[in-house]
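I opened the model today with two topics in mind.

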Amino acid sequence: MNRMPIGQYIPGDSLIHHLDARVKLIAFILLISTIILTDSVPGYCSLMVLTAGLLFVSKVKLKTALGFIQSLFLFLMVIFVMNTLFFDSAQPICSWWIFHISLGGMAQGANVVLRVIFLMIFSSVLMATTAPMEAAFALKSLLRPLQYIRIPTEDLAIMISVAVQFIPVLMEETEMIRKAQTARGAKFESARLREKAASVMPLVIPIFLGAFRRADELSLAMEARGYRGGKNRTQNKQKPLRKQDILALLTAAAVCFIQAYAF
Amino acid sequence: MPVELDQVSYTYAPGTVFEAAALDRVTVSIEDGEFVGIMGHTGCGKSTMIQLIAGLLVPSSGKVLLDGCDINDGGYRRGELRKRVGIVFQYPEYQLFESTVEKDVAFGLKHLALNSAEVRSRVAWALETVGLNYGEICRESSLGLSGGEKRKVAIAGVLAMKPQILILDEPIAGLDPVARDSFMQLLDRLHNGGTTIIIVSHNADILGDFTRRILVLNKGSLVMDGAVKDVFSDVAQMEALNLDVSRPRKIAHLLGQRGVAIPQDIVRYEELLTALTHLKKSGGLP
Ligand SMILES: Nc1ncnc2c1ncn2[C@@H]1O[C@H](COP(=O)(O)OP(=O)(O)O)[C@@H](O)[C@H]1O
Ligand SMILES: [Mg+2]
């Protein structure tokens, strides 16, 4: 019942917590490209070292960073098995009907699974160390150039930050409704699929109604205070990047570069 | 069917940075047919305590016993618990979701192995009990009703289960005085019918008028437990806990401080009036 939600911000005092969120977003993108460029054993070893370093510096617990494994385990297994069975390879170890088990297939499966795992670890660290509002502001400022191709980035930014701010509220409301329906006899914890499916509606409908109700109230409140769409709004002042931000950015770029060329 | 909490503690999100100890070794026993009020400052653990009684939370340590059986023991049947203990949360109207009022009220009954005639009579009874007309309202969409009616429908959904213990978390917050009084009358009728009622509220007047016993929580601990007049007799401590006593009690307290010889176990307006009339007759009032 009291699981830690995946991807939650955990206030802290580490170096990574104090970095500019824009820097963290860019570094994250760089690290993802690094992951995608990696496909050899030494490459994964060095990613592992990198991850250990990142967890150490960010003071995020391994348990938190790997929190997703439980819910993704089946998914990862399926990916691995599919790759192993169906990868087209010149020298299968053994073949039966349309299945060809090969070393190449296993390697391919391991590759995909490892990439997903590293990706999830890095995003867990990003989310654990970045307050949602900071992330929303960072996204907004990184998206700003898109204004020039007429994408309404201001409205997008408002939408994102409103959504982000309402996540805890909605989670609390969901929890309350879940409890209320449980008390009325809904069987969310039942092992039987039929009962589980039947308990979806009592949860989903009130949550949607609640979300619409809140959206209604919020839009009234925003208009009452003079909000008229995104254009010409006062800008939040951007803090300039500090020395450690630039250093972090360079480190991420260097890691990406080295990883891509060395392995 | 008594409810017993035996050294019950509860901690939210243990082992994380969000860890919050909400209840600390609370021991209390509530007998059949009692009408109990729970008071306490916001965040003191009232909601946590009643959710533990309803089996919606599992204690971090200690036991919750119903009729002497541990409800969190593997052998205890959840269905039995849901049938016996009904809980009404603060905004019960938000849990409605069915296409008609009738279906919404009957939601919990699906699990009780009743035939359709029994279900219908229970739904009718529950709706009439909360003061709605079954014939008029049962085919309406529950989402199209007014706020007050929605709340009544949601409460009818809990009553339809005929719980022996009815728990309510701040049910009268935000109701107008008329709706509040008729709601409390409803609880009183259920209580007279033998239902155990446990109600969380900040409204000392209402608790003084209707409940017989009050539990006071402070920072997760049970600090007071007793008959209403005993709990309200200690005005200073209640004030130290940031809580009201009922207004008649407060008036008697202030009069007492000014040297008027008025009894200090007054809780309700009638008692205050009787005492004042008595004083006037005997010349104790200027
Ligand atoms: N879901 C939760 N997660 C973490 N802490 C919680 C949660 N719910 C309540 N708490 C904390 O537990 C304490 C008791 O809460 P609660 O029982 O809701 O108090 P009350 O109903 O008396 O206002 C509070 O300090 C609150 O912050
Ligand atoms: Mg509460």
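**Strand β6 of chain B**

I looked at strand β6 (residues 85-88) of chain B: Val85(B) and Ile87(B) point one way, Gly86(B) and Val88(B) point the other way, and all are buried. Buried means under 20% relative accessible area (1.4 Å probe, protein chains only). Strands here are DSSP E runs of at least two residues, and helices are H or I runs of at least four, numbered from the N terminus.

Next I checked the neighbour. β6(B) pairs in the parallel sense with strand β7 (residues 165-169) of chain B, over 4 bridges; pairing needs at least two DSSP bridges. Val85(B) has Ile165(B) as its bridge partner in β7(B).

**Method note**

This is a predicted model, where local features need pLDDT of at least 70 and side-chain atom pairs pLDDT 80 or more, while totals for chains, interfaces and linings use all residues. Residues are numbered from 1 along each chain as written, chains are lettered from A and ligands numbered from 1 in the order written, and side-chain values use heavy atoms, without hydrogens and water.

**Chain A against chain B**

I looked up the contact (heavy atoms within 4.5 Å). Chain A gives 25 residues and chain B gives 21 residues.

Which side chains meet in a salt bridge? I found Asp104(B) and Arg184(A), at 3.6 Å, N to O. The term means a Lys or Arg side-chain nitrogen within 4 Å of an Asp or Glu carboxyl oxygen. The count between the two chains is 1 salt bridge.

On the side of chain A that touches chain B, α8 (153-183) and α10 (201-224) of chain A each give two or more residues. α8(A) gives the largest share, 7 residues.

Note on methods. Buried means under 20% relative accessible area, exposed over 50%, partly exposed in between (1.4 Å probe, protein chains only).
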